[in-house]
Amino acid sequence: RKIIIKANATNNYNLISSDAGKAIHSSADVVVPNAVFSAGDAITLINSSSSNMSIAQGTNVTMYNSADGSTGNRTLSGKGMATLYWINSSTCYISGAGLS
C-alpha cells in the first residue's frame, strides 16, 4: 500500500482532517488539534530539516508517548520520523525515531 506524502511550508502547521492517512514531510513545527480526527486515524510526521521540530499538544488533546506513557509536547529530532494514532477525537498516541 502507498502512503501519500504531503509536503508543507516551513511555517508552523496545524494538522487538518485531510492529513489523516498521509505522511507530512516538513520542517515546520506541528500543532495536534482537538476534535479534528477520529478513532483509527493516523498521520506520520517526517522532519525534513536537520533541526528539531516541535510537536505541540493542542488544547484538550491528550497525546501519549508510547515509549513511556507520558503526555505533553514532543520534540522530533532532525530527519526523525514519528507516527500519531488516534483512539478518539481528543486522544492519540505518538511513537517514532528521534522522538523525545
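# Legends to close-up views

View 1. F37 is a buried residue, its relative accessible area being 2% (buried means under 20% relative accessible area, exposed over 50% and partly exposed in between, with a 1.4 Å probe and protein chains only). The model is predicted: local features need pLDDT of at least 70 and side-chain atom pairs count only at pLDDT 80 or more, while totals for chains, interfaces and linings use all residues. Residues are numbered from 1 along each chain as its sequence is written, and side-chain values use heavy atoms, with hydrogens and water left out. Two aromatic pairs are found in a search of the whole structure. In the pair of F37 and W86 the ring centres lie 4.3 Å apart and the planes meet at 35°, so this pair is tilted. The pair joins distant parts of the chain, 49 residues apart: F37 belongs to the loop between β4 (30–32) and β5 (42–47), and W86 to strand β8 (residues 74–88). W86 is buried as well, at 0% relative accessibility. Rings of Phe, Tyr and Trp (its six-membered ring) pair if their centres lie within 6.5 Å; planes under 30 degrees apart count as stacked, over 60 as edge-to-face and the rest as tilted. Strands are DSSP runs of E with at least two residues, numbered from the N terminus.

View 2. D19 sits in the loop between β2 (13–14) and β3 (23–26). What is the relative accessible area of D19? The value is 0%, and D19 is therefore buried. The structure holds one salt bridge (a side-chain nitrogen of Lys or Arg within 4 Å of a carboxyl oxygen of Asp or Glu). D19 forms a salt bridge with K6, and their closest N and O atoms are 2.7 Å apart. The two partners are 13 residues apart and link distant parts of the chain, with D19 in the loop between β2 and β3 and K6 in strand β1 (residues 5–7). K6 has 22% relative accessibility and so counts as partly exposed. Leaving out residues up to four places away in sequence, D19 touches K6, Y13, I24, A42 and I43; contact means heavy atoms within 4.5 Å.

**View 3. β8 and the strands paired with it.** Two strands pair if DSSP finds at least two bridges between them. β5 and β8 run antiparallel and are joined by five bridges; I43 stands opposite L84 in β8. β6 (residues 53–57) also pairs with β8 in the antiparallel sense, over three bridges, and S54 has T75 in β8 as its bridge partner. Between β8 and strand β9 (residues 91–99), which run antiparallel, there are eight bridges. M81 has A97 in β9 as its bridge partner. A hairpin of two residues joins β8 to β9.

**View 4. β3 beside β5.** Are β3 and β5 parallel or antiparallel? They pair in the parallel sense, over four bridges. The bridge partner of H25 in β5 is I46.

**View 5. The largest nonpolar core.** A nonpolar core is a set of buried Ala, Val, Leu, Ile, Met, Phe, Trp, Tyr and Cys residues joined through side-chain atoms within 4.5 Å. The largest one has 20 residues, and L15, V32, L45, I55, L84 and W86 have the most contacts inside it. At least two residues of this core come from each of β4, β5, β6, β8 and β9. The largest share, four residues, is supplied by β8. Not counting residues up to four places away in sequence, L15 touches I24, V30, V31, V32, P33, V36, F37, I43, L45, L84 and W86.

View 6. A35, in the loop between β4 and β5, has a phi near 60°, a positive value in a residue other than glycine. With a relative accessible area of 56%, A35 is exposed. K79 has a phi near 65°, again a positive value in a residue other than glycine. Where is K79 found? K79 is in strand β8. K79 is exposed, its relative accessible area being 56%.
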